[in-house]
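Here is a short briefing on the structure shown below. Please read the points beside the model.

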Amino acid sequence: RIDSGKVILENCDFSGSENWVIQVGQAGQLELRDVRFGNLGQGAINQLGGEVKLFGCQFDMAGESVLNATSGSLFEAHKVVVSNTMGVGINLSGINEVWLDSVQVTNSFQDGIVLSNCEYILINQVESRENGRMGLSVDGGTICGLMNYSGLGNLVVGLSISDLDTLRILNSEFIGNGESGAKIHSTKRTRMAGVRIGHNGAQGLSLRGGNDLLISRSSFQANPLIALDVDSVKFVVLDQVSVVSNGAGVRLSNFETSELVNNLMTTNRGTAATLEGGERVSATANLIKANQQGLVINNVLHLDIDSNRVVSNETGSSFEAIPNIMMQNNVWEANQTGSYFSEIGLMTTTNDLWDSNTESAMEVLSAKDIIIKNARVVNNRTGLLLHNVSAKIESSVLDSSQGFALRLMNGSMAISQSKFSSNKTAIGL
């Protein structure tokens, strides 16, 4: 036991101890270099305070936790291997600074790494795999940075985060975990970039509560239920995110502002993206292709849709209960139904294209006012199908519809400077 002072051990072996091999007290300092531990009844190190630094150490077959802490100013581990622990591999609580660098934790009977109420955490080049519950759990703290972290093949979850102020995740992966790739709850500010989440047993990433979320240059693939599920985060930005071959793609709910920019959402068996219960949504330059449903947005106050391509979905887009919609430079192509609208206030569409949709290009069930400018509605079975709406169509082309180019039921319509050609029926009233 080290109650005060500093102890350095180098190139030593410890095995067969029934209790903790080393305990560090409030004023103690421990540094280990190239030290090996094995066949331990309880564990290797129990930190009750002070500082612990590990370099090039190996820990195998501990009865409880290999490394345990309940208090301390610093815990560092560099090039450390932990394997075959009967409890939690690394279990740290109440440490002011935690730095894990080039650490591998495998085959713990419970969790790989658990960090509770540690204020400042930096994790780099850490792999936690094939553990009995979670790969990495972080609960409580101020700042946590994960770089090059791998949570692979854990029985339940690759990463669990809760009650943090700031979280940064860079160039990390959560793959092949039994339930979810990652769960993040009650974290105020979250930034993720270069993250891969795929082939987990149920869902990719779920996130509940927070102020800001930015996910960029990341991918979600082959999660059988849902790739990304975000609820009650005020500001959400998805930028250059790939969402491919999941049960469902993205679901965002109960937000203030959400932005989807330059994303790819394709071959998801359900809906590519569902957004509901927010103030403002902006979707720009996204490719939404070959999903059952493409873009579904409900119960938001303002929607801005710009330069998106919605291609080869059963339903390209569905917008409901939205007071204000602005659309420009979008393409709906080769869907069964291009776009569907219901309970809309004012909608303005400019320079949009509906091409080769096999059922209808646009169907409006109810809207107060629609202004369609410079639209091209071509090669669809039915072009514009309008119910209960006041519509104005200007400088548009409706061409080569197999049925109606335009059909109005229970509403009013004004058309100017527009061209109808090669349709079976140009206008039906």
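A residue counts as buried when its relative accessible area is under 20%, as exposed over 50%, and as partly exposed in between. By that cut-off F174 is buried, because its relative accessibility is 0%. The model is predicted.

**Aromatic pairs**

- A pair of aromatic rings is described by the distance of the centres and the angle of the planes.
- The structure holds 5 aromatic pairs.
- F37 and F59 form one of them: the ring centres are 4.9 Å apart and the planes meet at 10°, so this pair is stacked.
- F37 sits in strand β4 and F59 in strand β7 (residues 58-62), so the contact ties together parts 22 residues apart in sequence.
- F37 is buried, with a relative accessible area of 4%.
- F59 is buried too, at 1%.
- A second pair, Y149 with F174, is tilted: 5.8 Å from centre to centre, with 45° between the planes.
- This pair links distant parts of the chain, 25 residues apart. Y149 lies in the loop between β14 (134-147) and β15, and F174 in strand β17 (residues 173-175).
- Y149 has 0% relative accessibility and counts as buried.
- Which residues do ring pairs link into a cluster? They are F14, F37 and F59.

**Salt bridges**

- A search of the whole structure finds 15 salt bridges.
- R36 and D13 form one of them, with 2.8 Å from N to O.
- R36 belongs to strand β4 (residues 36-40) and D13 to strand β2 (residues 13-15), so the bridge ties together parts that are 23 residues apart in sequence.
- R36 is partly exposed, at 28% relative accessible area. D13 is exposed, at 57%.
- E359 and R381 also meet through their side chains in a salt bridge, at 3.4 Å from N to O.
- Both partners lie in loops: E359 between β32 (353-355) and β33 (360-364), R381 between β35 (376-378) and β36 (382-387). The pair therefore ties together parts 22 residues apart in sequence.
- E359 is partly exposed at 38% relative accessibility, and R381 is partly exposed at 44%.
- The side chains of E31 and R33 form a further salt bridge, 2.8 Å from N to O.
- Is E31 buried or exposed? E31 is buried, with a relative accessible area of 9%. R33 counts as partly exposed, at 32%.
- K6, E31 and R33 are linked in a network of salt bridges.

**Strand pairing**

- Strands β27 (residues 293-306) and β29 (residues 315-328) run parallel and are joined by 10 bridges.
- Within this pairing, L295 has S317 in β29 as its bridge partner.
- β29 also pairs with strand β31 (residues 337-350), in the parallel sense, over 11 bridges.
- F319 stands opposite F341 in β31.

- S150 is part of strand β15 (residues 150-152).
- S150 counts as buried, at 11% relative accessibility.
- What does S150 touch, leaving aside neighbours within four places in sequence? The contacts are V126, E127, S128 and E173.

- A414 is found in strand β40 (residues 412-416).
- A414 is partly exposed, with a relative accessible area of 39%.
- A414 and A391 are 23 residues apart in sequence, and their C-alpha atoms are 6.4 Å apart in space.
- Not counting residues up to four places away in sequence, A414 touches A391, K392 and I393.

**Nonpolar surface patch**

- I415, I427 and L429 make a nonpolar surface patch of about 310 Å².
- I427 lies in strand β42 (residues 425-428).
- Patch members need over 30% relative accessible area. I427 is partly exposed, at 38%.

How values were computed. Residues numbered from 1 in each chain as written. Predicted model: local features only at pLDDT ≥ 70, side-chain atom pairs only at ≥ 80, totals over all residues. Heavy atoms only, no water. Pairing = 2+ DSSP bridges. Helix = DSSP H or I, 4+ residues; strand = E, 2+ residues; numbered from the N terminus. Patch = residues over 30% accessible without salt bridge, like charges linked within 9 Å, V, L, I, M, F, W, Y side chains within 5 Å. Areas by Shrake-Rupley, 256 points an atom, 1.4 Å probe, with all protein chains shown as cover. Salt bridge = Lys/Arg side-chain N within 4 Å of Asp/Glu carboxyl O. Buried < 20%, exposed > 50% of the residue type's maximum accessible area, 1.4 Å probe, protein only. Contact = heavy atoms within 4.5 Å. Phe/Tyr/Trp six-rings, centres within 6.5 Å; stacked < 30°, edge-to-face > 60°.
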